[in-house]
Amino acid sequence: MARSMNAKKTESQAPIKKEETKQSERKVKKKLDENILVPIASNVDGTLIYKGGRSGQVWKFTQYGDEDVMELSELRAMLSSNRAFLEKGWIKVLDDEVIDYLNLQRFQKNVIDRDNIEYILTQGPEQIKQSIKESSANTKTLIFSFARDKFLQGELTDYHTIKAIEEGLGQPLNPTI
């Protein structure tokens, strides 16, 4: 009888050791200082204003690509109370570590910048229309602005590409029409 009791104690102790090992193998998320300054940029063509809910500070961007910095704590507050700025890609976080830390990949992967738009415009007419159809309102505005600039500068000249953009967006690139 004594042996079987010892055997039970040994068996019951073994799983605890396995659980302790699993816990120590888990990845521990590095804690970032909430006061660090994080680089951000406007991903909107035109003026964008954000008023921080936590600090009351105002960030004003006058054009696409304008950069500024924001405290990590303020970004966290934006994520919980003004999520649209991140979800819709109006604000782009420029620090990969912070993107990871706040789990912003789900938003940032949908953020389209001018390089992405340039690529879209090199596609065939049907792919251009499809890309425009699947785009958010902000992205459509960016596509229109970028395409119109290229059109007016004489860099966008392919008739089929121009027609696909105009049909997809429902407006002409030529401002005189």
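Which residues in H7 meet which residues in H9? This is a predicted model, and I will start with that helix pair.

On the H7 side, the residues are Pro125, Ile128, Lys129 and Ile132. On the H9 side, they meet His160, Thr161, Ala164, Ile165, Glu167, Gly168 and Leu169. By class, that contact has 6 nonpolar, 3 polar and 2 charged residues.

Now the geometry. H7 covers residues 125–134 and H9 covers residues 159–169. The two pack at an angle of about 25°, and their axes are 9 Å apart. Angles under 35 degrees count as roughly parallel, so H7 is roughly parallel to H9. The crossing of H7 past H9 is right-handed.

In soluble globular proteins, nonpolar side chains tend to be buried together. Here the largest nonpolar core has 23 residues, and Leu75 and Val93 have the most contacts inside it. Which elements give two or more residues to this core? The strands are S1 (37–42), S2 (48–51), S3 (58–61) and S5 (91–93). The helices are H2 (72–81), H3 (84–87) and H4 (96–101). H2 supplies the largest share, 4 residues.

Take Val93 as an example. Leaving aside residues up to four places away in sequence, Val93 touches Val38, Pro39, Ile40, Leu75, Leu86, Val98, Ile99, Leu104 and Gln108.

There is also a second, separate core, with 17 residues. Among them are Ile117, Leu142, Ile143 and Ile162.

To recap: H7 and H9 pack at about 25°, the largest nonpolar core has 23 residues, and a separate core has 17.

Methods:
Residues numbered from 1 in each chain as written. Predicted model: local features only at pLDDT ≥ 70, side-chain atom pairs only at ≥ 80, totals over all residues. Heavy atoms only, no water. Axes fitted to C-alpha atoms, helices over the stretch in contact; angles between N-to-C directions. Parallel < 35°, antiparallel > 145°, perpendicular 65-115°, else oblique. Left-handed = near helix turned anticlockwise from the far one by under 90°. Contact = heavy atoms within 4.5 Å. Nonpolar A, V, L, I, M, F, W, Y, C, P; charged D, E, K, R; others polar. Core = buried A, V, L, I, M, F, W, Y, C linked by side-chain atoms within 4.5 Å. Buried < 20%, exposed > 50% of the residue type's maximum accessible area, 1.4 Å probe, protein only.
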